[in-house]
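Work through the exercises below with the sequence and the model at hand. Each task is followed by a stepwise solution.

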Amino acid sequence: MDETPAPAAKPRLVYRHRLTTRIWHWVNVLAVFVMLMSGLMIFNAHPRLYWGEYGANADYAWLQIGATRTEGYLRVGSLEIPTTGVLGRWSDGEGNIVNRAFPGWATIPSGYDLAMARRWHLTFAWLLAFGLLLYMLASLINRHFKRDLTIRRDEVRARHIWADIKAHARLRFHHPDRPNAYNTLQKLSYVAIIFVVLPVVILTGLTMSPNMDAAWPWLLDLFGGRQSARSIHFICAAALVVFIAVHVLLVVLAGPVNEMRSMITGWSKPPKEPTP
Amino acid sequence: MSLVTRRAALSTLALGAGGLVAGCDRLNESPAFRKILFAGEEMNLGFQRALTDRDALAREYAPEDRSPTMRPNGTRDPATARYNAHRAAGFATWRIAVDGLVHRPMSFSIPHLRSLPARAQITRHDCVEGWSAIAKWTGTPLRHLLDVTGLKDGARFIVFQCADYFGSNRYYETIDLIDAFHPQTILAWGLNDRPLPVENGAPVRLRVERHLGYKHAKYVERIQVIDDLARVGLGRGGFWEDHHDYDWYAGI
């Protein structure tokens, strides 16, 4: 590749993503997709969330998706949001009205099937958990964490973060001199997902296992009880959905072809814009 | 032109999403893929058994940590003629037979069970649906019964035959010997210091802490010791396992 000189008009590609990062990324596309959708089906079996150790129908739920005779609703605390058509009460592909929390197009399986949703969820959980573990080990060894994800003190100063927000607004995501480096907001969000959201979603998942609670009672103390763990599990899942939405939006804004190429082959075209 | 491509893009996206869901539903029915999904249960069972202490006790709570109500689930009243007669008689003639691969098959009345050393525990009941309730359970440790009857060689599973039916299918559940001899595995006849109510499984239900609610068989009238799950029901170890794809391992 170095032997053939590239034409002047064609900018040189830079190697941006290591193989382990790329593999983990695509494994997660599959694993997170299945975990989220099978998780929503499991949630449908009891669409209420509680704080503390216990929580069932007679107890106060801080979040609930339900339906009256005519309307679907999402209730958070004392706030009730009408959600007919999307949450609580919706119509399926054949026009039947269904009173259930999340609609069929968002769940695996699409019809109500708690047992199979659990089998999807608890099988693909291995991919998510051990994928994260292997990626973390690889990223320690190949120094991906240290080189690309270490947040320097000057990066988290308010002025720097504000500058980064303004750069994002102008769709400038990378410093032309260091096209391989993640920008600050990118680093912060990746660090939050890799070191907070994913580990917490896995540990709160384990806390819902009665056998794990017996063996590792510290799980219950860490999250404040099994029902708190279930609530935190759901909040983490929601955080993942927000992250994915922003992530995909930014990929589209930054140039989807180049971004997809860099996550598949590792090679990326550096930005052309002048130094901000 | 751009409108057409945008519409094309949107419909491709909608088709793609619909296709993914339909694809997952097809995988859900595919025998080969179901094998993979069902293998996850074996992996989880193996992993948890390898990683955790088999004798670990489920957390026991203080009286003030209890739920205001213990939500019943599943059958709330077997309502068969036989059960109704027992109920009317205060379960005075209810018997729990212990048989199968035992040296001395026996039958226990409720007073007999209550005369054996009892155990009380305030534990959390976790339903497969997601909810939890904490209550005090009093009962006879299962291992007292198994010690009295003695197990024959080859005994591997304990079957709990129940008096309630789902349609034409009688409810039953099975556990292995690790759980059978666990100190918190009791045949409970008391709930929150009162006789076990009908909706919670009167006169006797299984408490097998460390498992989800559907393992905790209610209205128990026969305890059978077997060598192979294939000998009972459709061979998957329980009503929900046989008919609704539930995991036999309910520790997760």
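UniProt positions are given in the numbering used here, feature names are shortened, and annotations may be inferred rather than shown by experiment. The model is predicted: local features need pLDDT of at least 70, side-chain atom pairs count only at pLDDT 80 or more, and totals for chains, interfaces and linings use all residues. Residues are numbered from 1 along each chain as its sequence is written, chains are lettered from A in the order in which they are written, and side-chain values use heavy atoms, without hydrogens and water.

**Exercise 1. Locate the annotated transmembrane regions of chain A and describe residues 23-43 and 120-142.**

Step 1. An unreviewed UniProt entry gives "transmembrane region" for residues 23-43, 120-142, 188-212 and 232-254 of chain A.

Step 2. Helices (H or I, at least four residues) and strands (E, at least two) are DSSP runs, numbered from the N terminus. Residues 23-43 of chain A are 100% helix and 0% strand, with end C-alpha atoms 30 Å apart.

Step 3. Residues 120-142 of chain A are 96% helix and 0% strand, and their end C-alpha atoms are separated by 32 Å.

Step 4. The unreviewed entry also lists "domain: Cytochrome b561 bacterial/Ni-hydrogenase" for residues 16-266 of chain A. That span is 58% helix and 8% strand, and its end C-alpha atoms lie 5 Å apart.

**Exercise 2. Describe the interface of domain 1 and domain 2 of chain A.**

Step 1. Domain bounds come from an automatic or database domain assignment. In chain A, domain 1 is 14-18 + 142-268 and domain 2 is 48-101; their C-alpha centres are 30 Å apart.

Step 2. With contact taken as heavy atoms within 4.5 Å, eleven residues of domain 1 of chain A touch nine residues of domain 2 of chain A.

Step 3. Buried area is the accessible area (1.4 Å probe) that two parts lose on being put together, summed over both. For these two domains of chain A it is about 810 Å², with 57% from carbon and sulfur atoms.

Step 4. A salt bridge is a side-chain nitrogen of Lys or Arg within 4 Å of a carboxyl oxygen of Asp or Glu. Zero salt bridges are found between domain 1 and domain 2 of chain A.

Step 5. Helix α8 (residues 226-254) of chain A gives the largest share of the domain 1 side, eight residues.

**Exercise 3. Describe how chain B meets chain A, and state which element of chain B gives the most residues.**

Step 1. Contacts join 52 residues of chain B to 44 residues of chain A.

Step 2. The two chains bury about 4,000 Å² between them, 59% of it on carbon and sulfur atoms.

Step 3. Seven salt bridges are counted between chain B and chain A. One of the side-chain pairs in a salt bridge is D247(B) with R119(A), at 3.8 Å, N to O.

Step 4. Elements giving two or more residues to the chain B side are α1 (2-29), α2 (31-51), β3 (119-126) and β4 (132-141) of chain B. The most comes from α2(B), with twelve residues.

**Exercise 4. Compare the domain division of chain B with its UniProt domain annotation.**

Step 1. Chain B is divided into domain 1 (2-48) and domain 2 (60-244), whose C-alpha centres lie 38 Å apart.

Step 2. The unreviewed UniProt entry places "domain: Oxidoreductase molybdopterin-binding" at residues 92-228 of chain B.

Step 3. Residues 92-228 of chain B are 13% helix and 47% strand, with 33 Å between the end C-alpha atoms.
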